[in-house]
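Trainee: I am new to this structure. Please take me through a single part of it, slowly enough to follow.

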Amino acid sequence: MARAKDPTAFRTIGELSDEIGVAQHILRYWETKFPQLKPLKRAGNRRYYRPADVDVARRIDTLLNREGYTMEGAKKALREPPPPPSDLDRLRGIRDRLAKALSR
C-alpha cells in the first residue's frame, strides 16, 4: 500500500489527478482558464503543484463538478474573497480547540 504524501509536498499532475479524481487533460485545461492555478513547470514542461495549487484545484473541482457552477461562475467565485466565518463557526472552532486542549 502506498504511503500518503506529506500535505506540504509538491504533487505531479498524475498524483493530483488521482487525488482529486480529475483527468490530467482537464487539469491542463483549467490552467488555461483559471489564472489562480499556476503550477511550477520544470524541464520538459513537467508540472509540480504546490499545496496552494492543490487547494485551488480542489476548489475548482468542487465548484464545477459538485456545486454545478459554470466556468464563468467558478471564475467569479474564485476572484471573490471567501465569506467571513459565521459566529457559529467561530464558536465551533473555540469548542474544538478547548476539547483538544482538555484531552491532553
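Trainee: At what angle do α3 and helix α4 (residues 71-79) pack, and how far apart are their axes?

Mentor: First, the ground rules. This is a predicted model, where local features need pLDDT of at least 70 and side-chain atom pairs count only at pLDDT 80 or more, while totals for chains, interfaces and linings use all residues. Residues are numbered from 1 along each chain as its sequence is written, and side-chain values use heavy atoms, with hydrogens and water left out.

Now your pair. Helix α3 covers residues 51-66. Helices here are DSSP runs (H or I, at least four residues), numbered from the N terminus. Two packed helices are described by the angle between their axes and the distance between the axes. For α3 and α4 the angle is about 140 degrees, and the axes are 9 Å apart. Axes are lines fitted to C-alpha atoms over the stretch in contact, and angles run from 0 to 180 degrees between N-to-C directions. The two helices are therefore oblique to each other. Here is the scale: under 35 degrees is roughly parallel, over 145 roughly antiparallel, 65 to 115 roughly perpendicular, and the rest oblique. The crossing of α3 and α4 is right-handed.

Which residues meet? From α3 come Arg 59, Ile 60, Leu 63 and Leu 64; from α4 come Met 71, Ala 74, Ala 77 and Leu 78. Contact means heavy atoms within 4.5 Å. By class, this contact has seven nonpolar residues, no polar ones and one charged. Ala, Val, Leu, Ile, Met, Phe, Trp, Tyr, Cys and Pro count as nonpolar; Asp, Glu, Lys and Arg as charged; the others, Gly among them, as polar.

Helix α3 has another partner, α1 (residues 13-20). Their axes come within 11 Å and cross at roughly 40 degrees. These helices, too, are therefore oblique to each other. α1 passes α3 in a right-handed crossing. Leu 16, Glu 19 and Ile 20 of α1 make the contact with Val 54, Ala 57, Arg 58, Asp 61 and Arg 66 of α3. This contact divides into four nonpolar, no polar and four charged residues.

A salt bridge is a side-chain nitrogen of Lys or Arg within 4 Å of a carboxyl oxygen of Asp or Glu. The structure holds 10 of them. One joins Asp 55 to Arg 58, at 3.8 Å from N to O. Both lie in α3, three residues apart, about one turn of the helix. Asp 55 is partly exposed, at 48% relative accessible area, and Arg 58 is partly exposed at 36%. Buried means under 20%, exposed over 50%, and partly exposed in between (1.4 Å probe, protein chains only). A network of salt bridges links Asp 55 and Arg 58 with Arg 11 and Glu 19.

Asp 61 pairs with Arg 66, their closest N and O atoms being 2.7 Å apart. Asp 61 is buried at 5% relative accessibility, whereas Arg 66 is exposed at 55%.

Last, look at Asp 53, also in α3. Asp 53 is buried, with 3% relative accessibility. Its contacts are Gln 36, Leu 37, Lys 38, Pro 39 and Tyr 48, not counting residues up to four places away in sequence.

Key:
Left-handed = near helix turned anticlockwise from the far one by under 90°.
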